[in-house]
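Work through the exercises below with the sequence and the model open. Each task is followed by a solution in steps.

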Amino acid sequence: MNSRRDFLQKLGISALALHLAPLSGWANSKNNTEAPYEGRVLRVAIMGLGGYGTRVAEAMQSCTKAKLVGLVSGTPSKIKDWQSKYGIAEKNCYNYENFDSIKNNPDIDAVYVITPNALHHDMVLRVAKAGKHAICEKPMAVNAKEGQAMVDACKKANVKLLVGYRMHFEPKTLEVIRMRNSGEFGKILFFQGQCGFKIGDPTQWRLNKQLAGGGSMMDIGIYAINGSRYMTGEDPVWVTAQETKTDPVKFKEGVDETIQFQFGFPSGAVASCLSTYNMNNLDRFFLDGEKGFAELQPSTGYGPIQGRTHKGELTQPVTTHQTVQMDEMSAIIFDNKQPVVPVNGEEAVKDLKIIDAIYQAVKTGSKVTISY
C-alpha cells in the first residue's frame, strides 16, 4: 500500500548508508568525556501499531531519554509480535476496550497516539482522562474545534499535549531558522512549499473521509502549512485556495486530490503552496528574502534532508528524526525545555485553523481571513 509514509521512506532510503544518529549522539561524539544521561526517562506506550508506529518504535531504541514500554492496539497478533520484538511486559499492553485502565499503571508516563486522523480527538481525550501525557501525530485533529477541545482536556487534566512535529528538531531546518532569526536573509518576501506524491491503494484509510478527515491536505499538505510558518517566522492572516480533482472515483466527496493555496503574512510576505495525492517528486521548501535564500529538498522526508542557501550547501548532521523528537519531548515534559519551534497543542491548533480556512477558501472561491 502506497502512502505518505511509504513515499517519505523512499525519499530517505539513501540515508540508510549513512550514520544516522540523534543529536545527542552527535554531541557526544564531539566530547567523549561527557557523562552519560542519568535523568528521568520518559516511558511511552504507542497507540496504533501500523507503519509509522513501527518507525517510531525502531527509532526509540536509540533514545537516551525515552523508552518504549507499552502498547495499545486492537489487533492481538500485533501486540504479541511487538512484545517479543521490544520486550514489552504483558501488564503494559492494552486494547481499545480496556485502555482506560492505563490510569492505574504507574509505569507508563505518556501515550503516543498514532491512529488515523479522525480518531486522534477521542483517543487523546481518553489519554488525558487517564492522567497520562499525550503525544499525538499530526494533524492533531480534523478541525480546529476538535483540536482546541484536546488542548483544553489536557490542561484540565494537568498533562502535557505534544504533537509529532519531527521537523522542528531537524538540524538543517533549524539552521535555516537560525539564519532567518539572525537577519541573514534580510526581510522575508516569499515562501514556496510543494508537498505531494501519487497515492496507491484506493481502499486505504487515507482516502476515507470518515477516518482521514479529508485528503492530501490532511496528510501531506500540513507539512507545507507548518513549514510556511516556521520558515517565515510568521502566521498567515489570509488564504486563497483552488482544488483540482481529476479522479472523482478515487477521490470522493470531501477527499481532496490536489489543492493549491496562497498565504499572506503580517509583514507583507506571501506564500504559494501545493498539496497533492496525484504527483510525485514534490518535497521542496524555498524561502526568499531581500538578502538571500534557502532551499530544502527533500524538505520533510525521513532523511537525509538536503538544502542550500545563498551561502552554500547546508552540512548539518543527518539524524533519525523520531529518535531526536522523542528525546526532546522527554526534556519538554520533564524539564519544561522550550524548543526553538513549539510542538505543543496550541501550535497544532494554529495549523488546524489554517486548514479550516483553506477548505473554506476552496468552497467559497474567496479570500478567507485567518484569526487565531
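A cavity is a set of grid points where a 1.4 Å probe fits but cannot get out, and its volume is the space filled by probe spheres set on the points. The model used here is predicted.

**Exercise 1. State how many cavities of 30 Å³ or more there are, and describe the second largest cavity.**

Step 1. The count is three cavities of 30 Å³ or more.

Step 2. The second largest cavity has a volume of about 40 Å³.

Step 3. Its lining consists of Glu170, Lys172, Gly303, Pro304, Ile305, Pro317, Val318, Thr319 and His321.

Step 4. Sorted by class, this lining of the second largest cavity gives four nonpolar, three polar and two charged residues. Gly is counted as polar in this sorting.

**Exercise 2. Give the volume and the lining of the largest cavity.**

Step 1. The volume of the largest cavity is about 60 Å³.

Step 2. Residues lining the largest cavity are Lys138, Tyr165, Arg166, Met167, His168, Ile222, Tyr223, Asn226 and Tyr230.

Step 3. Five of the lining residues are nonpolar, two are polar and two are charged. Tyr counts as nonpolar here.

**Exercise 3. Find the salt-bridge partner of Arg229, and decide whether the two residues are buried or exposed.**

Step 1. The partner of Arg229 is Glu347, with 3.2 Å between the closest N and O atoms.

Step 2. Arg229 belongs to helix H9 (residues 216–232) and Glu347 to helix H11 (residues 345–364), so the bridge ties together parts 118 residues apart in sequence.

Step 3. Arg229 and Glu347 are both buried, the cut-off being under 20% relative accessible area.

Step 4. A network of salt bridges links Arg229 and Glu347 with Asp235, Lys350 and Asp351.

**Exercise 4. Locate the two residues of the salt bridge between Arg126 and Asp100.**

Step 1. The structure holds 20 salt bridges. In one of these, the side chains of Arg126 and Asp100 meet at 3.0 Å, N to O.

Step 2. Arg126 sits in helix H5 (residues 120–129), while Asp100 is in the loop between strand E3 (93–94) and strand E4 (110–113); the two are 26 residues apart.

Step 3. Asp100 has a relative accessible area of 38% and is partly exposed.

**Exercise 5. Classify the exposure of Glu243 and Lys245.**

Step 1. Glu243 and Lys245 form a salt bridge, their closest N and O atoms being 3.9 Å apart.

Technical notes: Residues numbered from 1 in each chain as written. Predicted model: local features only at pLDDT ≥ 70, side-chain atom pairs only at ≥ 80, totals over all residues. Heavy atoms only, no water. 1 Å grid on protein atoms, 1.4 Å probe; cavity = no way out; pocket = protein on both sides within 12 Å on 5 of 7 lines; lining within 4 Å. Salt bridge = Lys/Arg side-chain N within 4 Å of Asp/Glu carboxyl O. Helix = DSSP H or I, 4+ residues; strand = E, 2+ residues; numbered from the N terminus. Buried < 20%, exposed > 50% of the residue type's maximum accessible area, 1.4 Å probe, protein only.
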